[in-house]
Amino acid sequence: MRKIDRMMKNSEKVRESIVDSALWLFGRFGYEKTSVDEIARRAHRAKTSVYYYFDGKLSIFQAVLQKEFSIVRDGLQEVRNRYSEDMKTQLVSYLTTRMALLHSAKVYIQYMNSAYTYGQNEISEVVDAAREDFDRWETEYFRYLCDEGHRAGALSDAVNPEAFAKLLSILLKGIEMQFFHSGDYETMKATYETMVELLVSKNVR
């Protein structure tokens with residue numbers, strides 16, 4: 001059993017090294033200009049080893065995006081756990097941390113600023129699938145947050161959890177685009193964080 005466990009752990013390390021190498025290369029040079037050969041070289045693996053774990057560059061790209069969004073989710077979950085007893089602080093921290101974490105998802109942001117975002121193609125399908133997983137997780141959180149707000153008397157009963165979750169998701173996606181395309185992240189960040197503080201303080205009792 002121990003030998004099998006060691007083999008599995010080693011296999012996970014090899015796969016992770018490939019994903020990490022691809023993440024660095026995609027983030028620096030882009031998907032189109034990165035080859036499987038380059039990914040293998042950076043991971044210090046044979047090209048056949050890369051193909052043992054992945055069907056090709058597209059499936060590596062998918063794994064990279066999944067890792068980026070996993071990092072975002074883990075960071076946001078940490079915020080939720082840290083401020084579990086203070087909904088107002090939790091919401092402010094979640095919304096501000098969210099943009100910072102997404103900004104650090106370099107491969108995803110690079111895609112959002114590329115020509116691949118226009119029209120349906122295999123790249124956009126992979127990105128959409130990764131984003132949909134994150135959106136489902138986040139929408140569930142926003143519904144939960146609204147329910148907790150009702151129970152605590154911090155939100156009016158007129159606020160519908162489903163509508164609250166959908167509208168907040170749409171609003172945040174629109175703001176994301178301004179962050180991605182503004183070219184002045186620090187100014188956007190400072191303005192956004194001030195707005196979040198004002199809006200949450202005003203509307204959450």
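User: Let's start with the overall fold. What makes up the secondary structure of the protein?

Analyst: The predicted model has nine helices and zero strands. Read from the N terminus, the elements go α-α-α-α-α-α-α-α-α. Taken along the principal axes, the C-alpha atoms fill a box of roughly 60 × 45 × 30 Å. There are 205 residues, and 40% of them count as buried.

User: Why are α5 and α7 called roughly antiparallel?

Analyst: They pack at an angle of about 160°, with axes 11 Å apart. Angles over 145 degrees count as roughly antiparallel, so α5 and α7 get that label. The crossing of α5 past α7 is left-handed.

User: Which residues make that contact?

Analyst: From α5 you have Met 87, Gln 90, Leu 91, Tyr 94 and Arg 98. The α7 side includes Phe 134, Trp 137, Tyr 141 and Phe 142. By class, the contact has eight nonpolar, two polar and four charged residues.

User: Moving inside, which residues touch the most other members of the largest nonpolar core?

Analyst: Phe 26, Ile 60, Phe 61, Leu 65, Leu 95 and Tyr 108 do, out of 54 residues in that core. Elements giving two or more residues to the core include α1 (2-29), α4 (57-82), α5 (87-103) and α7 (122-152). The largest share, nine residues, comes from α4.

User: What does Tyr 108 contact, leaving aside its neighbours within four places in sequence?

Analyst: Tyr 108 is in contact with Leu 65, Glu 68, Phe 69, Val 127, Arg 131, Glu 176 and Phe 180. As for the protein overall, take the contacts between residues at least 6 apart in sequence: 66% of them join residues at least 24 apart.

User: Now the loops. How do you know that His 44 counts as exposed?

Analyst: Exposed means over 50% relative accessible area. His 44 has 71% relative accessibility, so it passes the cut-off and counts as exposed. His 44 lies in the loop between α2 and α3 (47-53).

User: What is phi of His 44?

Analyst: Phi is near 60°, a positive value in a residue other than glycine. For background, most residues other than glycine have a negative phi.

User: Why is Asn 113 called partly exposed?

Analyst: Its relative accessible area is 41%. Buried would take under 20% and exposed over 50%, so Asn 113 ends up in between, as partly exposed. Asn 113 is in the loop between α6 and α7.

User: What does Asn 113 touch, not counting residues up to four places away in sequence?

Analyst: Asn 113 touches Phe 180 and His 181. For a sense of spacing, the C-alpha atoms of Asn 113 and Ala 100 are separated by 17 Å, with the two being 13 residues apart along the chain.

Notes: Residues numbered from 1 in each chain as written. Predicted model: local features only at pLDDT ≥ 70, side-chain atom pairs only at ≥ 80, totals over all residues. Heavy atoms only, no water. Core = buried A, V, L, I, M, F, W, Y, C linked by side-chain atoms within 4.5 Å. Buried < 20%, exposed > 50% of the residue type's maximum accessible area, 1.4 Å probe, protein only. Helix = DSSP H or I, 4+ residues; strand = E, 2+ residues; numbered from the N terminus. Contact = heavy atoms within 4.5 Å. Axes fitted to C-alpha atoms, helices over the stretch in contact; angles between N-to-C directions. Parallel < 35°, antiparallel > 145°, perpendicular 65-115°, else oblique. Left-handed = near helix turned anticlockwise from the far one by under 90°. Nonpolar A, V, L, I, M, F, W, Y, C, P; charged D, E, K, R; others polar.
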